[in-house]
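Let's take a walk through this structure together, one part at a time. Keep the picture open beside the text and look for each piece as we come to it.

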Number of protein chains: 4
Amino acid sequence: MNSFGNIFRVSIFGESHGRWVGVTIDGCPAGIEMQESDLLPDLERRKAGVAGTTPRKEDDLPVFVSGIFSGKTTGAPLTIVFENNNIRSADYEAMRDTPRPGHADFVLHKKFNGFNDYRGGGHSSGRLTVALVAAGVVAKKILKGIRVEALLIEAGGIADVDAAVAKAIEQQDSIGGIVACRVQGLPIGLGEPFFNSVESVISHAVFSVPAIKAIEFGAGFAAAGMTGSSHNDAIMNEEGATATNNAGGVNGGITNGNELYFRVAVKPTSSTPQTQNTWNNATQSVAPFAVKGRHDLCIALRVPVVIEAVTALALADLYMLHTK
Amino acid sequence: MNSFGNIFRVSIFGESHGRWVGVTIDGCPAGIEMQESDLLPDLERRKAGVAGTTPRKEDDLPVFVSGIFSGKTTGAPLTIVFENNNIRSADYEAMRDTPRPGHADFVLHKKFNGFNDYRGGGHSSGRLTVALVAAGVVAKKILKGIRVEALLIEAGGIADVDAAVAKAIEQQDSIGGIVACRVQGLPIGLGEPFFNSVESVISHAVFSVPAIKAIEFGAGFAAAGMTGSSHNDAIMNEEGATATNNAGGVNGGITNGNELYFRVAVKPTSSTPQTQNTWNNATQSVAPFAVKGRHDLCIALRVPVVIEAVTALALADLYMLHTK
Amino acid sequence: MNSFGNIFRVSIFGESHGRWVGVTIDGCPAGIEMQESDLLPDLERRKAGVAGTTPRKEDDLPVFVSGIFSGKTTGAPLTIVFENNNIRSADYEAMRDTPRPGHADFVLHKKFNGFNDYRGGGHSSGRLTVALVAAGVVAKKILKGIRVEALLIEAGGIADVDAAVAKAIEQQDSIGGIVACRVQGLPIGLGEPFFNSVESVISHAVFSVPAIKAIEFGAGFAAAGMTGSSHNDAIMNEEGATATNNAGGVNGGITNGNELYFRVAVKPTSSTPQTQNTWNNATQSVAPFAVKGRHDLCIALRVPVVIEAVTALALADLYMLHTK
Amino acid sequence: MNSFGNIFRVSIFGESHGRWVGVTIDGCPAGIEMQESDLLPDLERRKAGVAGTTPRKEDDLPVFVSGIFSGKTTGAPLTIVFENNNIRSADYEAMRDTPRPGHADFVLHKKFNGFNDYRGGGHSSGRLTVALVAAGVVAKKILKGIRVEALLIEAGGIADVDAAVAKAIEQQDSIGGIVACRVQGLPIGLGEPFFNSVESVISHAVFSVPAIKAIEFGAGFAAAGMTGSSHNDAIMNEEGATATNNAGGVNGGITNGNELYFRVAVKPTSSTPQTQNTWNNATQSVAPFAVKGRHDLCIALRVPVVIEAVTALALADLYMLHTK
């Protein structure tokens, strides 16, 4: 299923090489000011173009299809589309016989019995994240007084991102990174004790972003090696402010009013200029393979704004439920 | 919301000090053999009683309320309850004024405007995991030919779990741990590219388990420091077997037929014998506080079977959708 | 699926001849006063015992399993169960080979491959409506200032219900009836233009009640024969009060602040003392058949409180979404 | 919420006077042959143009945005849009102060605090049914061997539809009608005993169609006046064929393999040339009012194909769940 949320429900559609990709938000409150230009800053952050990112550049101009009237949301489903105007399908025709390692080619072919649109990853393409980012802008507007901020704090194993990218270019091999996300201003009480803990809902959203393979809240994996007396965050006042934040702002699945904090791991871009082995269906053997096409050496550079977006989607749904 | 799943839907209810805790499974196929005794091995694994776990022991005898007839599931909602017969509510009365650090006392009080059942954590109690384990047994039966296995691979920062527990007892401070989970026999094709990636659905389920603060699939956080050529798993044959398993069995959000592998971090038990600071609502000041009551020094010992259970719930839902 | 609602979610479980039947409400707000005795008046209205209803009488004493503490809802899942203490399973053993006409015996056997609990209709039994009524009492408490009232306005084709029942007893044949339901005090704006119109959501709930075969809102079927100028309800003031109520309080799927009004048809009780023909699997032929057991000649007598209950469930869900 | 279905999920978007209206189907199986031309026959049936329908004619050419590749569904979300190219917004500007009787103008204004797109009914417009019809064509393809057929069997109170329309034109007043729908070839076992009875799910879908105010299955309201012995359908063979079909093909909420049969009432078109009274917000008084613009005198003429479509949506969702 390609939708997310219970009362602020987001659905995405489209393929890398189709006519448009888009998103529909159902359950968006009426009366929120919304111009197409409001989306541009976040869309710009997602764009390729800096060193280490793909030379494929899309205009990424959002088109409001429905749900906006006189510059405000109407309460009806809000659909936004983006034209795909920079498509080179020929790049992909050659590799139908060789499922790219690290990519979803193989599983998509199996899952959809060969009927999937294989061009550029089809519906599974990172291109769809443009729709996530657009929806994220809407979600952020709903989260009044709440600030969601994600940053790439490490790439290729080092904190100096620029140096990591330079090395990746020099070595002609893709790299991954770590994105940290902080949310300030959340009310106490979002989330549920079990199935819809804040960690459950946010991780659900975050693992919707391609290339994410891990998430940790607060002290995260380090907590496993701590003692209770060192890990517990002492409560310091009536509002629940804590002296430390090992919990990452969540106790028992519920926001505690402190900063929500989590980190995610972005794996290296699957498409790397290096030659790799993979199965070749035509020759029925394992053979060396080199990915062609335009790709990011460090997709992690473009991930923070997408993490912000899906985090905002998750929180907007919880927030709307909470403030009912 | 206290339910999980789309077509294999699980709902839990009950409180630590109420009469029963229970679970209802809606969407369970008819004709599955099911005796109350089938649940006992997993329930036993979850039980307290070994060194490092709470002296509170429940009989944990499952009672089938509905959905079973002549030893088989009927296709109607399957409800299982467990009696709470080992309750010492007095332990909790004293600490209403002092929200326990690391616990959900504070957030529950705020979220429910003081109406929550605060005795023993109420609905948020780890006691509810007995219901998760029961549902997990049912889910495992649906996952024919699929084996879900979770193990505690580290506690208190070291691989020797027994030594870690001994040290925790000696130091009288609680500890956490790391649980690894492997699933073998999964078909290719479970999961969706974005909002319902396998990682999304499993992490959603896993973070329903109290005390879990992190999850990583395959190489996980280590992937962030790898190159694409070293991280990508070479596909070796027509069935998609890979030479390595850095992806943890998931490409593009979809199972690839290799072993599904992930690790989770269990934080140290919030209740530690050590004295800690916390806010005291009666005195309006931060004051030292010691948790009384019966608690686990290393709750992580009891977590693996719960992780297996929620993983099975997540996979059963995806599996039933897949085989439609 | 045996649940209803998006944010006020109700699930039922149990069988006619099982140990308990019950209901879980997930999403009930905290702080609502709730005593077991609050449920008794509506439960009493549903009970058998008057002329024309089955001699099977249950005590129907609700047991709160969870979600209530110190006489108020806690915000956790609220589970209520009822013991089945008046069971005569032997009545049903004899007729396994002869699916009763008008009953679900045949379809249940096929749907669940013979694994369904066939005793007394199993999970499909009207016994489950006790759980609906209990949930309805909770829903009514949420609908502050809103009054839901259903009445049997016709039985056996005539408005004099007592006369109709007397005739049914005399003729020893079951009869049906028409129930009218009015809801006063609803805010303007519940419901959605298309898929979740008020009519959609209420009819969804109402057809959950066994034996209901038709529903009409406002002028209903009569509207099909009217002209626009006679059917349209003239708006008379700023609050939207209308001169007539042919719309039944709903325009374009959305409540308009006038009385919500609908009628439902209750078919005659399927179990009638009259001999009927049905297929006999043992003899592989159509043969005369007489239903034994304790049954209602006019189940419609007991339906109004159930209609009130499911209407309240539907409205509570819409109401909670609306007031978010 | 503007979506329908659990595993075959349909969402609609767009406004009468926006750029496009459209629909997204999530959960459509891969490999179904689909050409834009496949949609034309049903779209043609929905079109205006015959006597009694609005002179506004749209080209109604479907554009496949996503989910189709090489003439087959891919398994990814299937989005279809229709351009709105015949818009006369000026018609609607004048009547903002006078909510049209029978229309949703008043409730939409209140529900969305005045932010709704009021032009031509905005998102509530019957224009959106073009999207329902498109989705219905897809659903019909999934229902292999199943035939859904709806017919207008009565208009303006008489069975001779043409005569009824002629009279409406002569009297210059709108009329309603009755649509009967039959579904043949359904398997036994669709639907659930309570909350998701076949009647629940179909009525939910059917009341999504504007102007529908009543539905009855099988004998429907007439059943309320029958006796059990006359209403019960005798089962005649092992496959469950019944001698009569008073149940309309549904027992206990579950399809019984006989023809599914129901009738719906279509109210007269709210927009009638006749002068009517309504509240005028500008003058703060009730005043005569005449609707301008292009409208259908008998919208019921265009309803059958829409009823077929939403019935197919409901059945496709149940069918896919059943065949899992």
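Helices here are DSSP runs of at least four residues, and they are numbered from the N terminus. With that in hand, find helix H5 of chain C, which is followed by C:Gln172, a residue with a positive phi, near 50°. Please remember as you look that what you see is a predicted model.

Let's stay with this helix for a moment. H5 of chain C covers residues 161–171, and C:Val161, C:Ala164, C:Val165 and C:Ala168 are buried in it. Why do these four lie on the same side of H5(C)? They cover an arc of only 95° around the axis, and this puts them on the same side of the helix. Now turn to the other side of H5(C), where C:Asp162, C:Ala163 and C:Glu170 are exposed. To see what lies over the buried residues of H5(C), look for strand E8 (147–155) of chain C, which is included in their cover.

Next, look at a sheet in chain C. Its five strands come in the order E1-E2-E3-E7-E4, and they form an open sheet with antiparallel pairing. At the edges you will find strand E1 (3–4) and strand E4 (63–66) of chain C, each of which pairs on one side only. Further in, strand E2 (residues 9–14) of chain C runs antiparallel to strand E3 (residues 20–26) of chain C, and six bridges join the two.

Now let's move to chain A and begin with the whole chain. How many helices and strands does chain A have? Its secondary structure comes to eight helices and 15 strands. The radius of gyration of chain A is 21 Å, close to the 20 Å that the globule rule gives for 324 residues, so chain A is as compact as a globular protein of that length. Along the principal axes, the C-alpha atoms of chain A fill a box of roughly 70 × 55 × 35 Å. Of the 324 residues in chain A, 65% are buried. Among the contacts in chain A with a separation of 6 or more, 72% come from residues 24 or more positions apart.

Chain A also has an open sheet of five strands, in the order E1-E2-E3-E7-E4 and with antiparallel pairing. Strand E1 (3–4) and strand E4 (63–66) of chain A stand at its edges with a single partner strand each, so one side of each has no neighbour in the sheet. Within this sheet, strand E2 (residues 9–14) and strand E3 (residues 20–26) of chain A pair in the antiparallel sense over six bridges. Here A:Ile12 stands opposite A:Val23 in E3(A).

Let's see how the chains meet. Between chain A and chain B, the contact takes 84 residues from each of the two chains. Several elements of chain A give two or more residues to this side, including E1, helix H3 (105–111), helix H6 (198–206) and strand E10 (212–217). By class, the side of chain A that touches chain B has 35 nonpolar, 38 polar and 11 charged residues. Strand pairing crosses between these chains too: E10(A) and strand E10 (residues 212–217) of chain B pair in the antiparallel sense over three bridges. In that pairing, A:Ala214 has B:Glu216 in E10(B) as its bridge partner.

How are chains A and B related? A rotation of 180° with 0.0 Å of shift along its axis superposes chain A on chain B, with an RMSD of 0.0 Å. That is the relation of a two-fold axis. The same surface serves both copies, as 100% of the contact residues of chain A recur in chain B.

Compare this with the contact between chain C and chain A, where six residues of chain C are in contact with six residues of chain A. On the side of chain C that touches chain A, three residues are nonpolar, two are polar and one is charged.

Finally, look inside chain B. Strand E8 (residues 147–155) and strand E9 (residues 177–184) of chain B run antiparallel and are joined by eight bridges. B:Leu152 stands opposite B:Val179 in E9(B). E9(B) is also joined to strand E13 (residues 260–266) of chain B, by seven bridges and in the antiparallel sense. There, B:Ala180 stands opposite B:Arg263 in E13(B).

Notes:
Residues are numbered from 1 along each chain as its sequence is written. Chains are lettered from A and ligands numbered from 1 in the order in which they are written. This is a predicted model: local features need pLDDT of at least 70, side-chain atom pairs count only at pLDDT 80 or more; totals for chains, interfaces and linings use all residues. Copies are superposed by least squares on the C-alpha atoms of residues with pLDDT of at least 70 in both. Two residues are in contact if their C-beta atoms, placed from the backbone, lie within 7 Å. Ala, Val, Leu, Ile, Met, Phe, Trp, Tyr, Cys and Pro count as nonpolar, Asp, Glu, Lys and Arg as charged, and the others, Gly among them, as polar. A residue is buried if 20 or more other C-beta atoms lie within 10 Å of its own, exposed if 12 or fewer, and partly exposed in between; C-beta atoms are placed from the backbone. The arc is that of the directions from the helix axis to the C-beta atoms. Two strands pair if DSSP finds at least two bridges between them. The radius of gyration is taken over C-alpha atoms; the globule rule is 2.2 Å times the number of residues to the power 0.38.
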